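Subject: Structure for your study

Dear colleague,

Please find the structure below, handed over for your own reading. My notes on what was found in it follow directly after.

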Amino acid sequence: MSVATGSVTPSSAPIELEKAVVRNWKPPIGLGIFALIGILLFVVFARPGATSFRFSTDGDQIQIPIWVVDAGAVYIVVTILLIAIAAVSAFLAYRARRTPIWLIAVFAALFMFGFLTWAAAGASLPVQIASLLVGAVSLSVPLVFGALGGVISERVGVVNVAIEGQLLAGAFVSALVASATGMQFLGLLAAMVAGVLVSFVLAAFSIKYFVDQVIVGVVLNVLVVGLTSFLFSTLLAPNAALLNSPPRFDRIEIPLLSQIPIIGPVFFRQTIIVYLVYIAVFVVWFALFKTRWGLRLRSVGEHPQAADTVGINVARTRFWNVSLAGAIAGLGGAYYTLGSVGAFNKEMTAGAGFIALAAVIFGRWDPIRATLAALLFGFALNLQYALSVIGSPVPSEFMLMVPYLVTIFAVAGLVGYVRGPAAAGKPYVKS
Amino acid sequence: MKLELRGITKRFGSLVANDHIDLTVEPGEIHCLLGENGAGKSTLMNVLYGLYQADEGEILLNDEVQHFSGPGDAMNAGIGMVHQHFMLIPVFTVAENVMLGHEQTKFGGLLNLDDARAKVREISARFGFDVDPDALVEDLPVGVQQRVEIIKALSRDASVLVFDEPTAVLTPQETDELMAIMRQLKQSGTSIVFITHKLREVREVADRITVIRLGKVVGEASPTDTNEELASLMVGRAVDLMIDKGPAKPGEVALRVEGLSVIDHRNQLVVNNVSFDVREGEVLAIAGVQGNGQTELTEAIVGLQPKVTGSISLGGRSLRGLSVRQTLDAGVGFVPEDRKIDGLVAEMTIAENLMLDRSEGEPFVKAGTLQLKFRSEFAEEKVREFDIRAQGIDTHVGRLSGGNQQKVVLARELSRELRLLVAAQPTRGLDVGSIEFVHTRIVEARDAGVPVIVVSTELDEVVALADRIAVMYRGGIVGIVPGDTPREVLGLMMAGEHPDTAGEAA
């Protein structure tokens with residue numbers, strides 16, 4: 001039989017199955033709940049008075065005047081808009097269309113504005129918008145480094161639950177080394193080494209001995225907590241002056257850029273570690289998607305056997321990239337001791353590694369999106385501090401929950417079904 | 001390039017997968033490696049490709065001994081492979097897949113994708129492929145994915161190309177085109193090793209044939225030999241390629257499916273408005289290339305799919321919305337597509353697997369306690385009845401051969417009072433002897449008056465079993481045709497042509 005007629009020649013046209021009409025009611029329900037909370041706060045438990053917002057910091061050359069609003073007017077406008085957006089979302093869901101992400105962002109910003117107005121209504125101090133954001137960036141630094149480490153590790157096929165341990169090890173070692181030597185940069189380097197060491201254990205057990213990656217990660221976290229706490233009480237605490245008082249990095253103002261209102265102090269009046277974040281995010285993104293290293297890394301995480309058949313050493317690729325991930329996460333740990341707090345404390349990372357892991361998933365294994373997610377979580381973390389300064393009516397214990405609630409809502413509600421690297425978590429057993 | 005394998009031996013524990021195999025492939029010839037599933041063909045080729053290390057023997061290219069410590073070495077020596085399960089990264093583009101492993105880079109380590117795209121276009125043009133370098137592999141039909149595999153091998157200047165069971169996923173027409181490509185490659189001087197167990201293909205394209213059985217070369221054959229001669233060489237005894245099957249005596253309509261649609265997790269209509277019915281005592285075969293909705297259709301009938309619309313009724317009673325338990329109790333027997341994942345629990349014994357679907361109550365369970373004596377008697381009986389070859393009923397199912405595993409599944413499903421049998425890919429990966437057995441059992445069930453649905457991607461199986469054939473394509477049924485419809489028409493229907501026009505074209 002000869003070659004068949006041309007009509008059945010397979011072409012490269014993708015198979016397009018019809019899309020079913022599926023109504024996704026999750027967004028309108030979520031927005032509706034928050035609109036109800038809005039009504040509850042702004043109408044039922046409305047706090048009268050005026051709220052002032054301050055956008056500039058003391059060091060700014062251009063001072064934006066303090067903005068005073070009447071809380072009652074804000075409540076009315078915000079509540080109406082919230083209900084309207086929720087209604088639009090419901091309409092879209094009914095027409096089987098997606099609620100656009102920008103609409104959700106507008107909703108969130110409005111809710112935040114209304115909430116801050118409500119919380120600070122009648123307070124004597126203004127809401128410090130700039131310092132709220134500065135703090136948010138600052139708190140998200142370790143989250144971003146951790147998330148970058150997570151992205152690299154998961155993209156190469158190893159689930160990195162040990163981010164928490166890598167952060168903590170980085171924080172501890174950088175405090176120790178920087179205090180002992182008096183050199184911050186040596187501390188940074190030591191933090192990276194500490195992260196790599198934690199990664200070595202993860203890599204060795206999961207890649208060479210095929211132990212379940214999640215279990216190794218969890219055990220490592222507990223191990224690092226135990227080890228650093230023990231060394232802290234026996235070594236660091238008694239000799240705090242010598243071993244636990246690292247020199248901190250100073251804030252570096254970037255000329256011109258740091259004078260832009262709001263943006264300047266938030267992004268360009270930070271320590272060197274924050275500037276390292278900007279570089280790291282870009283470099284990881286570029287390398288992951290534009291270079292040979294990234295192509296091979298992703299191929300190993302998606303289909304290790306296919307990578308193997310084109311001559312890529314799967315085990316070696318995984319091992320060194322998991323180590324690299326550890327170095328990046330360790331750098332994030334150094335920020336606690338060299339950038340913000342200035343000394344090591346027991347369990348000072350307080351679950352940041354797990355929030356970073358959530359940022360990886362919320363950011364869909366993409367370095368830039370994961371960074372944005374980490375910034376969001378950082379904002380949620382900082383909100384509690386900002387509110388306690390204002391003297392908000394919400395108990396601070398309750399506000400402590402907020403970042404974790406945001407994490408759960410973000411990952412469960414907004415993300416839903418996402419597809420990560422196909423081979424993440426699966427050991428590659430070569431026959 | 002001339003390829004020679006000398007005395008290749010590969011052992012896995014006590015199992016000898018390849019026993020001193022000699023094979024010579026001359027430059028520019030198509031050499032068929034014929035053997036049953038599990039005969040050791042793929043192992044041999046994985047040794048050649050550096051994926052396995054041989055325990056004994058050597059590989060020679062142009063009379064020089066080679067030492068491959070990994071696939072990279074084999075590729076550099078000029079060996080390319082088109083794998084049975086494509087070695088492509090689904091989320092990469094065609095160009096990225098082709099360049100992977102030997103990437104060209106520009107300044108700053110930037111990948112030179114233009115170079116890779118040009119290469120894909122150049123090879124596509126040479127062989128008349130229509131492949132877009134920027135298409136994502138997962139969006140491409142399997143036939144095109146296979147061409148990407150070929151392009152990938154050729155982009156590394158492969159002069160020996162191994163095709164490992166390449167036709168398993170293709171429509172008959174795509175298979176013919178692949179044959180034409182193989183001839184074209186041969187003319188350009190490439191040596192080809194073609195691994196298959198399908199006799200028709202071997203006879204059509206091979207220059208020489210080497211037959212492997214149980215890890216040993218059992219002889220050479222010529223493409224002019226008959227199917228029966230090749231088959232008996234392959235199996236080791238005379239085989240009857242057609243099963244004895246009398247005409248069907250269809251009774252009442254038993255299963256009626258109307259307007260059935262299944263939506264998957266990506267909100268795609270994987271089964272799109274399908275209607276058919278099956279009568280008592282007839283086999284309806286569902287043909288089609290893998291991945292056109294057959295799996296989801298059978299799962300919807302059994303109650304394994306979450307988002308289903310339309311109606312399914314068996315003997316007037318609606319099955320839709322029932323739990324799997326209720327569906328089984330309604331008399332549905334189900335042989336799932338992948339026996340190792342969905343059909344059996346590998347870590348449990350034969351006896352345990354045989355009672356898996358009856359742990360609800362008597363006679364296997366009384367007052368929450370397993371009735372071990374009854375279970376043993378039952379298992380012994382079924383092992384005898386279905387000729388399950390094992391040391392005993394306490395052997396773990398994971399240690400059985402594919403054929404015996406499938407017999408366990410069949411024994412379990414057929415030992416209930418059935419009002420419908422759904423068998424998905426019932427003979428995938430089985431040897432000829434087991435295929436005969438499974439087919440005979442299915443026909444017996446039909447003759448006992450049970451309505452049977454057989455899903456198969458193998459046209460041979462469809463033709464052997466079907467009383468009527470429904471062909472699925474992209475989630476829909478292209479047409480339902482009589483069991484004696486010519487293969488050419490079925491082939492065109494599998495590519496989406498309507499049966500009327502397909503009949504004219506063939």
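Helices here are DSSP runs of H or I with at least four residues, strands are DSSP runs of E with at least two, and both are numbered from the N terminus. Please note that this is a predicted model, in which local features need pLDDT of at least 70 and side-chain atom pairs count only at pLDDT 80 or more, while totals for chains, interfaces and linings use all residues. Residues are numbered from 1 along each chain as its sequence is written, and chains are lettered from A and ligands numbered from 1 in the order in which they are written.

Helix α15(B) itself comprises residues 432–447. Its 16 residues should span 22 Å at 1.5 Å a residue, and the end C-alpha atoms are 22 Å apart, which agrees; the expected span is 1.5 Å times one less than the number of residues. Among its buried residues are Val432(B), Ile435(B), Phe437(B), Val438(B) and Ile442(B). A residue counts as buried if 20 or more other C-beta atoms, placed from the backbone, lie within 10 Å of its own, as exposed if 12 or fewer do, and as partly exposed in between. The elements that cover the buried residues of α15(B) include α8, β13, α14 and α16 of chain B; contact means C-beta atoms, placed from the backbone, within 7 Å.

Strand β13(B), residues 283–287, also pairs with β21(B), in the parallel sense over four bridges. Strands are said to pair if DSSP finds at least two bridges between them. Within this pairing, Ala287(B) stands opposite Val471(B). Strand β21(B), residues 468–473, is mostly covered, with five of its six residues buried. Six bridges join β21(B) to β22(B), and these two strands run antiparallel. Arg468(B) has Pro482(B) as its bridge partner in β22(B). The hairpin of β21(B) and β22(B) has two residues between the strands, and Arg474(B) there takes a positive phi near 50 degrees.

Elsewhere in chain B, six strands form an open sheet with mixed pairing, in the order β6-β7-β8-β3-β9-β10. Its edge strands are β6(B) and β10(B), each of which pairs on one side only. In β6(B), Ile79(B) and Met81(B) point one way and Gly80(B) and Val82(B) the other, and all are buried. In a regular strand, side chains alternate between the two faces of the sheet. Strands β6(B) and β7(B) pair in the parallel sense over four bridges, and Met81(B) stands opposite Val162(B). Further along the sheet, five bridges join β3(B) to β9(B), which run parallel, and Cys32(B) faces Ile209(B) as its opposite residue in β9(B).

As for the whole chain, chain B has 18 helices and 22 strands. Its radius of gyration is 24 Å, close to the 23 Å that the globule rule gives for 506 residues, so chain B is as compact as a globular protein of that length. That radius is taken over C-alpha atoms, and the rule is 2.2 Å times the number of residues to the power 0.38. Of the 506 residues, 50% count as buried.

Yours sincerely,
A colleague

Methods. Contact = placed C-beta atoms within 7 Å.
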